[in-house]
Structure formats: structure tokens, C-alpha cells
Amino acid sequence: MELHPTYVMLFEMLMETVGASISFLTAYYSLKAFRLSGRGPLLYLHFGFTVLGVSMMSRVFGSLYIISAIAMPVSVRGVVGLISTACGVMRAVAYGLFAAAYSGERRVEMAVLIPLLVNPYTEFVCVAVMVYVVAQSAINHAFVKTSESLLVFVAFLLMLVSHVMFAMSHVRAMLYLLAHVSQLAGFISMLTMLLKVGREVGEG
């Protein structure tokens, strides 16, 4: 089934907007949990999800720019490529902050559109950093078998899977859509954990 570029852009805008909203909410509750518990890693999560939210909103504006440029001239491609690279770098910085949290504790065809939206170099960096973060969260859950540590592990694992699918979307465009779903599910898992922790700290 051929994916129409406009529908892909609209789907991306919806998923990125929802994802950014959840990311900013996660950043807010991370900061709130940090103020209640004083745990340093929560501050890294706050900054990481804030940067991630900004990155996702930047992609929304980039998608609007693509849709408004029907003819997709070469100059537009250059700008879109720049936006994609900048967003990728911001995501890598956000994931670096997640890694720091653990180190502190311990009409355009899709074949043309996908390469503009997905930068393989920044995706490789994101995957590499997220492999470390997922490994650390898995080790943490092995030692601290709680529902909170499991939710964190699931969240980072889903985010890793999303970036693997983003990187592979050059081969199959449908993976680009599935990557957004996986990413959003990861954000929801992380937000659920923070809401749970905040409620327990508040009751304590």
C-alpha cells in the first residue's frame, strides 16, 4: 500500500504534537518529583524531556513547512534537511541527559520524503545512546524489582525500538509511522511512572 506523503505529514504532526505534550508533562512531573525527593537523576529527566519536547515541536513546524511547499524546490529540501538534522541533534542531547541520569546513579514520493525526515547519522547516535540507557534501566530493574523501574525500562525500550524503526524507514516507509506509535507509547509509560511516584511521595 502506497503511503500518501500529505497523510504521512499530517500523521507525523499529530503524533509529534501529542508526544511533545506528553514530553513536557513528563518534564514537569520530573521536576516536581525532584523537588519532593531531591533525587538528582530526576533533574536530568526534566531537562532531557524538555529538550525532547522542543525537538518534537520543531518537527511539527518542519512538517508544516513541507506541506506548505507543494512543489518542494531544492531550497526547501535544504531547509527541511537542516531542520531534521537539528531535531536529531536535540534528541541525541536529550538521550545523553537520560544516560547521565543513570551514570549519576550508576507530491513527493515516500522514497524522497523519508530521507529528508530521517537523518541516518543522528538516528545512529540516538540508537547507540539509547542502547546504553536501556541496558542501564534493565540492570536497575534487575536489582530494584518495582513497578516503577519496570515502567522506566519499558519506556526506554519502546523509545529505542522507535529509533531503530526510524533508521529502517528508508527501506520500508510504514516503519516511519510505527516508530511514532512506539515512541508515543514509551512517553506514556514514562509519564505513568512519574505520576505513580509523585502520588506515592505525596501520600508519604
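Predicted model: local features only at pLDDT ≥ 70, side-chain atom pairs only at ≥ 80, totals over all residues.
Once the neighbours within four places in sequence are set aside, Met159 is in contact with Leu52, Tyr95, Phe98, Met130, Gly186 and Phe187. Gln183 stands 24 residues away from Met159 in sequence, yet the C-alpha atoms of the two are 4.9 Å apart in space.

## Helix H6

In soluble globular proteins, nonpolar side chains tend to be buried together. Here the largest nonpolar core has 33 residues, and those with the most contacts inside it are Phe49, Leu52, Tyr95, Phe98, Phe156, Met159 and Met190. Two or more residues of this core come from each of helix H1 (5-37), helix H2 (40-68), helix H3 (74-105), H5, H6 and helix H7 (174-203), and H7 gives the most, with seven residues.

Met190, one of the residues with the most contacts in this core, is in contact with Thr26, Phe49, Val152, Ala155 and Phe156 when its neighbours within four places in sequence are left aside. A second core, separate and made of eight residues, includes Met9, Phe166, Leu175 and Ala179.

Lys196 forms a salt bridge with Glu148, and the closest N and O atoms of the pair are 3.0 Å apart. The pair links distant parts of the chain, with Lys196 in helix H7 and Glu148 in helix H6, 48 residues apart.

The two partners fall in separate classes of accessibility: Glu148, with a relative accessible area of 15%, is buried because it lies under the 20% cut-off, whereas Lys196, with a relative accessible area of 21%, is partly exposed.

Val54 is found in helix H2 and counts as partly exposed at 38% relative accessibility. Leaving aside neighbours within four places in sequence, Val54 is in contact with Phe24 and Met90; Ser23, which is 31 residues from Val54 in sequence, is 8.9 Å from Val54 in space, C-alpha to C-alpha.

Ala135 has its place in helix H5 and, at 35% relative accessibility, likewise counts as partly exposed. Between Ala135 and Phe153, 18 residues apart along the chain, the C-alpha separation is 8.6 Å.

## A nonpolar patch on the surface

Ile139, Phe143 and Val144 form a nonpolar patch on the surface, and together these residues have about 300 Å² of accessible area. Phe143 lies in helix H5, which covers residues 120-143. At 66% relative accessibility, Phe143 counts as exposed, because the value is over the 50% cut-off.

Conventions. Residues numbered from 1 in each chain as written. Heavy atoms only, no water. Patch = residues over 30% accessible without salt bridge, like charges linked within 9 Å, V, L, I, M, F, W, Y side chains within 5 Å. Areas by Shrake-Rupley, 256 points an atom, 1.4 Å probe, with all protein chains shown as cover. Salt bridge = Lys/Arg side-chain N within 4 Å of Asp/Glu carboxyl O. Helix = DSSP H or I, 4+ residues; strand = E, 2+ residues; numbered from the N terminus. Buried < 20%, exposed > 50% of the residue type's maximum accessible area, 1.4 Å probe, protein only. Core = buried A, V, L, I, M, F, W, Y, C linked by side-chain atoms within 4.5 Å. Contact = heavy atoms within 4.5 Å.
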